[in-house]
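Take a look at the model below and turn it around a few times.

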Amino acid sequence: MSGIIALLLALFQYVYKSKKVASRKVLIPLRFISIFATLLLLVNPKFESVSYYEEKPNLVIAIDNSESISYLKQDAKARKLVEELVKNNQLASKFNIEAYAFGNDVSSLDSLSFSDKISNITKFFKSYNELYKSNTAPVVLITDGNQTLGSDYQYNATTNKQPIFPVILGDTVKFSDLRITQVNANRYAYLKNKFPIEIITNYNGNSDINTSLKIYLGNSVVFSKSLTFGPEKTSEIVTANLNANSVGVKTYRVELTPLANEKNTINNQKNFAIEVIDQKTNIALVSELMHPDLGALKKSIESNEQRSVSIISPKDYISQQNDFQLVILYQPNNLFNEVYEKINRLKLNTFTITGTNTDWRFLNSIQSNFVQDITNQSEEYQPILNQNYGIFIVDNITFENYPPLTSEFGAVTFTAPEQTILYKSINGINTDESLLSTFEVDRQKHALLNGEGLWSWRSQTFLDTDGFESFDNFMGKLVQYLSSNKKRRRLNIDYKSFYNQTESIKISAQFFNKNYEFDTNANLQITYTNKASNVSRTLPLLLKNASYSIDLSSIPPGDYQFTIKHTEEPITATGSFKVLAYNVEQQFLNADVTKLQFIANNSSGKTYFIDKADNLISDLFKDERFATIQKSKHSVIPLIDYKYLLGLIALALSLEWFIRKYKGLI
């Protein structure tokens with residue numbers, strides 16, 4: 001139809017309308033081509049194309065890269081098996097083979113070192129469940145089954161309903177073995193007090209045995225107890241109360257006297273440390289309301305044993321004689337009048353939290369540090385972290401997915417110089433108004449959180465990280481700043497007094513210029529020294545967000561002292577810490593066959609011992625559940641590419657115009 005219309009229009013132009021036109025034998029085809037191509041472009045005819053392709057299932061190979069594999073002398077066998085699986089032509093013809101290594105983290109398999117200090121099998125299965133939730137992807141899990149970090153992997157393993165084929169590394173013969181499974185102790189103790197220790201001991205064996213448990217401080221025995229185990233009594237929980245006689249970090253060693261022919265004696269001892277402090281920081285949480293925020297604040301602040309929180313009413317606070325270093329004022333109203341008088345008289349630091357029940361007329365009049373616009377309307381605000389906040393180091397928390405807090409609609413105006421930690425955000429738009437700020441007036445430190453609902457932030461932290469640590473650390477730093485009367489310094493450092501060998505040894509620092517503005521161009525370096533060997537090393541600190549940091553996780557156990565300094569200014573900060581010796585990967589004598597068989601049976605898989613893994617390749621190749629699937633792809637394709645049509649139209653019209661111009665028809 002388009003061709004007929006184009007031909008008729010061309011004939012009408014050069015035959016019927018202009019009968020004596022020269023060169024019409026050329027002009028008619030050109031006009032026909034331009035009209036016909038234009039009509040084709042408008043109609044845009046298409047046809048459907050069907051193509052077929054084959055999709056092979058995935059075969060996921062996951063190998064444990066932790067130290068326990070080499071400790072159990074299975075590293076050579078594991079390497080050989082992985083190489084056979086990856087390079088096998090039969091498997092390659094049936095599967096898309098993808099190999100991963102897991103230990104501290106999960107990564108694509110490049111090389112195997114068997115040097116990771118931690119084995120986190122759960123982390124692998126969480127990543128696997130996300131990547132292959134909609135694909136056929138059986139798993140060959142090469143491990144000893146001993147997990148040293150994370151939740152129990154046997155529940156995460158079967159979430160994706162994929163077959164799992166564990167290859168068991170390690171000795172399955174049961175030997176008589178004594179083990180200290182866990183030592184539970186608080187991080188802090190108080191001078192001249194007793195502190196409790198709980199020790200969980202276990203025994204594997206078929207005969208009755210006697211042993212003794214001792215706790216050493218240095219070379220002195222501070223506690224001992226005789227223990228008896230047998231086939232019927234395989235564990236015992238021992239509790240002890242030790243004395244805190246001097247201030248500082250005290251390192252203790254728990255030991256079980258080994259059996260005569262015990263194969264693994266490394267797990268018979270464990271180190272732990274206690275920091276003895278002189279006093280506890282007392283904090284008053286004053287509120288007239290019952291609110292979930294109160295419990296969340298108390299739990300969060302008291303996660304550090306150095307701090308104690310008392311939830312009291314305004315009336316009780318006035319009558320108490322406690323020596324509080326900080327007062328948290330939760331949604332003040334006119335009942336807080338005498339509370340503010342006492343705070344001003346004693347020159348105490350404060351943390352004010354407002355919300356929908358705050359009496360802003362009272363609060364605006366009782367203090368002169370800030371003023372809130374009173375609208376009698378509430379609004380929900382989400383937090384945005386100020387990356388340039390420079391009073392203390394904020395790390396490991398971003399507040400990105402945190403739910404909103406509810407507060408009075410309107411802006412807060414500060415009359416004192418303040419630094420904003422969190423800005424208010426509405427629907428992702430930063431209002432540049434303060435949600436959480438700190439400020440100092442007359443040597444008193446204050447903070448204002450303009451919103452209620454902190455309990456939801458602590459809950460969100462647990463959902464995001466499977467723990468409360470990041471939120472509790474943030475609140476701990478805020479409380480530490482508010483409860484201290486130390487003057488600001490240009491170089492601040494953040495570290496722990498002791499670390500376990502398996503945890504991240506991270507030291508952070510902030511440097512400020514002479515105007516106390518965070519300096520992003522500072523050159524900071526750390527020099528740390530092992531006190532026993534007197535070996536020192538100097539390394540640079542790297543800028544990350546609003547702090548400089550370094551990870552010293554590779555250093556050996558021991559006592560260390562360090563100095564952080566600016567390379568261009570005479571400003572330094574010093575500290576010391578201990579690294580406690582404990583290799584969790586050397587605590588196991590056998591593979592955990594029970595758990596690996598459990599995940600195999602519950603996923604319709606099969607277990608193989610490393611010495612009898614020859615049948616694994618043939619079993620995978622013959623398994624009819626993992627067949628190649630033929631799939632079709634339907635595509636709608638234009639008959640002619642519009643680019644060519646446009647080019648043809650332009651060419652035809654150009655030639656027609658040139659000829660008409662040349663013949664004098666224009």
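**Charged pairs and what they tie together**

Let's start with Arg-458 and Asp-472, whose side chains meet in a salt bridge, with N and O 3.0 Å apart. A salt bridge here is a side-chain nitrogen of Lys or Arg within 4 Å of a carboxyl oxygen of Asp or Glu. Arg-458 sits in helix 12 (residues 454–465) and Asp-472 in helix 13 (residues 469–483), so this pair ties together parts that are 14 residues apart in sequence. (Helices are DSSP runs of H or I with at least four residues, strands are runs of E with at least two, and both are numbered from the N terminus.) Is this pair buried or exposed? Arg-458 counts as buried at 11% relative accessibility, and Asp-472 is buried too, at 8%. Buried means under 20% relative accessible area, exposed means over 50%, and partly exposed is in between, using a 1.4 Å probe and protein chains only.

Before going on, keep in mind that this is a predicted model: local features need pLDDT of at least 70, and side-chain atom pairs count only at pLDDT 80 or more, while totals for chains, interfaces and linings use all residues. Residues are numbered from 1 along each chain as its sequence is written, and side-chain values use heavy atoms, with hydrogens and water left out.

How many salt bridges does the rule give? The count comes to 17. One of them joins Lys-117 to Glu-67, with the closest N and O atoms 3.0 Å apart. Lys-117 lies in the loop between strand 4 (106–108) and helix 6 (121–131), and Glu-67 in helix 3 (residues 67–71), so here the pair ties together parts that are 50 residues apart in sequence. Lys-117 is partly exposed at 30% relative accessibility, whereas Glu-67 is buried at 16%. Another salt bridge links Glu-302 and Lys-298, again at 3.0 Å from N to O. Glu-302 is partly exposed, with a relative accessible area of 29%, and Lys-298 is partly exposed at 27%.

**A charge without a salt bridge**

Now go back to the loop between strand 4 and helix 6, where you'll find Asp-116. This residue is buried yet has no salt bridge, and the nearest side chain of opposite charge, Lys-117, is 9.0 Å away. (For charges, Lys and Arg count as positive and Asp and Glu as negative; His and the chain ends are not counted.) What does the side chain of Asp-116 reach at 3.0 Å? That would be the backbone nitrogen of Asn-104.

**Strands side by side**

Next, the sheets. Two strands pair if DSSP finds at least two bridges between them. Strand 8 pairs with strand 14 (residues 269–277) in the parallel sense over three bridges. Look for Ala-189, whose bridge partner in strand 14 is Val-276.

Another open sheet has three strands in the order 7-9-12, with antiparallel pairing. Its edge strands are strand 7 (177–185) and strand 12 (235–243), each pairing on one side only. Strand 9 (residues 194–204) and strand 12 run antiparallel and are joined by nine bridges, with Ile-199 standing opposite Val-238 in strand 12. If you follow a strand with your eye, here's a handy rule: in a regular strand the side chains alternate between the two faces of the sheet.

Further along, strand 29 (residues 524–530) and strand 30 (residues 536–540) pair in the antiparallel sense over five bridges. Thr-529 stands opposite Ser-536 in strand 30. This hairpin has five residues between the strands, and Asn-534 takes a positive phi near 60°.

**Stepping back**

Finally, zoom out. The chain comes to 16 helices and 36 strands. Its radius of gyration is 36 Å, well over the 26 Å that the globule rule gives for 666 residues, so the chain is more spread out than a compact globule. That radius is taken over C-alpha atoms, and the globule rule is 2.2 Å times the number of residues to the power 0.38. Along the principal axes, the C-alpha atoms fill a box of roughly 120 × 80 × 50 Å. Of the 666 residues, 46% count as buried.

Definitions and conventions. Lys, Arg positive; Asp, Glu negative; His and termini not counted. Polar contact = N/O pair within 3.5 Å; in protein donor to acceptor, adjacent residues only side chain to side chain.
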